[in-house]
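User: Hi! Could you walk me through a few local features of this model?
Analyst: Happy to. Let's have it on screen while we talk.

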Amino acid sequence: MSLLDTRVPAVVLRIDRNPFHHGTLGAVRSLGRAGVDVHVVADCTGSPVARSRFVRRLHTPPPPDASADAVLAVLRRVAAQVGRPAVLVPMDDATAIAAARLREELVPSYLLPVMPSALPERVADKAELAAVCASVGVPHPRTEVPDTPARAAEDALRLGLPVVAKWSRPWLLPAGSGLRSTQVLHTAREARELHARTAEAGSPLLLQAYLPPGTDRDWFFHGYADRTGTVRAGGPGRKHLSWPRGAGLTAVGRWTPNSEVTALAERITGELGYRGILDLDFRRCGATGRYHLLDFNPRPGAQFRLFTDSAGLDVVRALHADLTGRPLPDGDPVTGRAFVVENYAPLAALRPAPGGRELAWWAGDDRAPGWAMWALWARHVSGRLRRRLGAAAGVPAQRPAPRAHTPSLTTDNEKASS
């Protein structure tokens, strides 16, 4: 029996406008290599994802601020074009939340995990997560949710500067606002001024005690909770390099055994009754040694392909296999394996990797996305450089014609505090 039921297609869904989202390409390649027809519902304008030979068809996604009804309408249209039930793979928080809320309407056109419909939204909400962690006994940074700008300034001083500021529901942040999902604040005035933009952000501002970064402190866990609640596939990983340094997405990560991180991940998913793919971010406190859960993302993390075991199973393949009734093989962890995002860590991509390595963009059996990424990235970097030089000279720099939303270098799932 093959690993996956290739008679069942997959629909990879993302409404976040990010042409550099390598996790989407990872999902396309993972399923496509296993022989599954992969339909992509995402804005791939100018994105290397569109060049992958494993994409069966591209579909127009809902807009970033789409209502649940709009998401449902798009998915019904895609289902009619696919013509048979498909496994749905949400790749960002907004689509994971919508899929859970719409599960009854989406079945039987789509196969989805069975869990409480509000649970993905509850764990993805940064303010709600603090309460969730307290209820199940998982360490979490001290968190305050101020109700006024003045209270925000007071809370920042009470927590001790610097503090981490997060918008409770970052998927609601309007494009072009300049608001970042997470940032480190160094003064009470910054906290007051940021809170004053709450209405614009669309969700409450929360402040968290700052856990300083350091060697061996940033960890993540990817897994798949199957229909019985058992966490399969995936594993714990350590962030070796982030972009921006110390405050951003994983540029270099390595599969590293960590029984404490694994136990915390299994505890919170078991207590909540969570089912499906999960991506958790942890930071170890230098003073106490305890691992604090910073984020619970109810979908694949961008570097999920790091955790491909000896049987070829990763969390996306586990989802497809479990939902189609295939047994999940018991592969061995490939500890020491590395994942490198080569546009953020080009030197690491060139160094020897005795434990094995996967690159985010380049692949020998799917070369076009790698070449496309470098062309797109060069245009992105040169455009930013021209604007900075123009600003320094006091001359407005010409902006290139818009092709796609350019993401901030700090993403939703890898934050300034993670």
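User: Where does Pro 162 sit?
Analyst: Pro 162 lies in the loop between α7 (149-159) and β7 (163-167). Keep in mind that this is a predicted model.

User: And what kind of peptide bond joins Leu 161 and Pro 162?
Analyst: That bond is cis, with omega at about -5°. Val 107 and Pro 108 are also joined by a cis peptide bond, where omega is about 10°. Pro 108 has its place in the loop between α4 (103-106) and β5 (110-111).

User: On phi, then: what is the value at Asp 216?
Analyst: Asp 216 is not a glycine, yet its phi is positive, about 65°. Asp 216 is in the loop between β9 (205-209) and β10. With a relative accessibility of 30%, Asp 216 counts as partly exposed.

User: How about Ala 233, buried or exposed?
Analyst: Ala 233 counts as buried, because its relative accessibility is 19% and the cut-off for buried is under 20%. Ala 233 lies in strand β11 and has a positive phi too, about 55°.

User: Switching topic: which residues does Asp 226 touch?
Analyst: Leaving aside residues up to four places away in sequence, Asp 226 touches Arg 232, Arg 275 and Asp 322. Asp 226 belongs to the loop between β10 (218-225) and β11 (231-243), and at 7% relative accessible area it is buried.

User: Now cavities. How many of 30 Å³ or more are there?
Analyst: The count comes to three. Of the 19 residues lining the largest cavity, Pro 90, Leu 112, Pro 113, Met 115 and Pro 298 are the closest to its centre.

User: Which element gives the most to that largest cavity's lining?
Analyst: α3 does, with three residues. The elements giving two or more are β4 (86-90), α3 (93-101) and β13 (276-284). By class, the lining of the largest cavity has 14 nonpolar, two polar and three charged residues.

User: And the second largest cavity, what's its volume?
Analyst: About 50 Å³. Its lining includes His 22, Arg 29, Phe 339 and Glu 358. α1 gives the most to this lining, with three residues. As for classes, the second largest cavity is lined by four nonpolar, two polar and three charged residues.

Key
Residues are numbered from 1 along each chain as its sequence is written. This is a predicted model: local features need pLDDT of at least 70, side-chain atom pairs count only at pLDDT 80 or more; totals for chains, interfaces and linings use all residues. Side-chain values use heavy atoms; hydrogens and water are left out. Helices (H or I, at least four residues) and strands (E, at least two) are DSSP runs, numbered from the N terminus. Buried means under 20% relative accessible area, exposed over 50%, partly exposed in between (1.4 Å probe, protein chains only). Contact means heavy atoms within 4.5 Å. On a 1 Å grid over the protein atoms alone, a cavity is a set of points where a 1.4 Å probe fits but cannot get out, and a pocket is an open set with protein on both sides within 12 Å along at least five of seven lines; lining residues have an atom within 4 Å of a point. Grid points are joined across faces, edges and corners, and a volume is the space filled by probe spheres set on the points. Ala, Val, Leu, Ile, Met, Phe, Trp, Tyr, Cys and Pro count as nonpolar, Asp, Glu, Lys and Arg as charged, and the others, Gly among them, as polar.
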